Amino acid sequence: MLASRVRPLVSRSGRFTIPLRAAYSSAAGKSHEYIKVSTPRPGVGLIELHRPKALNALFTPLILELNAALRTFDKDHSIGAIVLTGSHKAFAAGADIKEMATKEFADAYGDDFIESWSELPNTIKKPVISAVNGHALGGGCELAMMCDILYCSEKANFGQPEVKLGIIPGAGGSQRLTRAIGKSRAMELILTGKNFSGKDAYDWGLAARVFETPEACVEGALETAETIAGYSRIAVKACKEVVNKSQDLGVREGVEFERRVFHGLFGSEDQKIGMTAFAEKRKAEWKHR
């Protein structure tokens, strides 16, 4: 079987297992307690949240493992894109309340509690696709939205129910959800703590694609990641950078920034390779520099 045709296996419990013939990067070879890491397709890193008894509830040990795996994939020259998923039952059913229930203000503020949860959007340069099935509530919803592309199945269950606990979203939920679906709808969801479906997420513009089944969702995310991994790493990195910058700048400043990055790519070897291959009607063989 060709490496490009290797597919992740799915158990009856909904947990994704590592294909026997998968090629492994340095991240996939490490042992983890709360995540599973593999490279099921060429250039694609797959991270599965794996805390089944707690429905993948997020807590600091899991986040630290996730951050380490993301950083390793980000530095691995053989990896071009990353997929983050959970199980059929839960992407992540929220933050682990047991970890935070007894904290005082000095603990939370003084120790910058959950700041480490934002390493994904703040430091990872390669594209990350979230494949969301089952529950994605509170911190789970926030983690899914931190990714560059969000895919989900129709019956995925999203929500920011923090108000029911006497708190607010703390890892970007109020900011990213509002940017994605608008102030009025986000305000309603956050103030009431109501959940919404994967179909809603797609209809409202939060999700890029919606799938009928969890298997199709993960498969779709892996296919997209493989497509992205087949392009120049330099160009892909620049694409992610300019799109993210659009969230921070006005249109005029954003277009000027985009133009400067566009000009800069003419100093890359891959720009010459790509344009020459197009002119000669052949496939580009990227050097990623």
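A pocket here is an open set of points on a 1 Å grid over the protein atoms alone, where a 1.4 Å probe fits and protein lies on both sides within 12 Å along at least five of seven lines; its lining residues have an atom within 4 Å of a point. You are looking at a predicted model, in which local features need pLDDT of at least 70 and side-chain atom pairs count only at pLDDT 80 or more, while totals for chains, interfaces and linings use all residues. Residues are numbered from 1 along each chain as its sequence is written, and side-chain values use heavy atoms, without hydrogens or water.

**First stop**

Select Met145, Cys147, Asp148, Asn244 and Gln247: of the 27 residues lining the largest pocket, these lie nearest its centre. Next, colour α4 (119-123), α5 (139-146), β9 (149-153), α6 (173-181) and α10 (233-245), the elements that each give two or more residues to this lining. Helices (H or I, at least four residues) and strands (E, at least two) are DSSP runs, numbered from the N terminus. The largest share, five residues, comes from α10.

Now show domain 1 (35-230) and domain 2 (233-280): both contribute to the lining of the largest pocket, so it lies between them. The domain bounds come from an automatic or database domain assignment.

**Second stop**

Move on to Ala95, Ile97, Met100, Glu162 and Ile167, the closest to the centre of the second largest pocket among its 28 lining residues. Highlight α2 (97-100), α3 (105-110) and α5, which each supply two or more lining residues here. Of the elements, α3 gives the most, with three residues.
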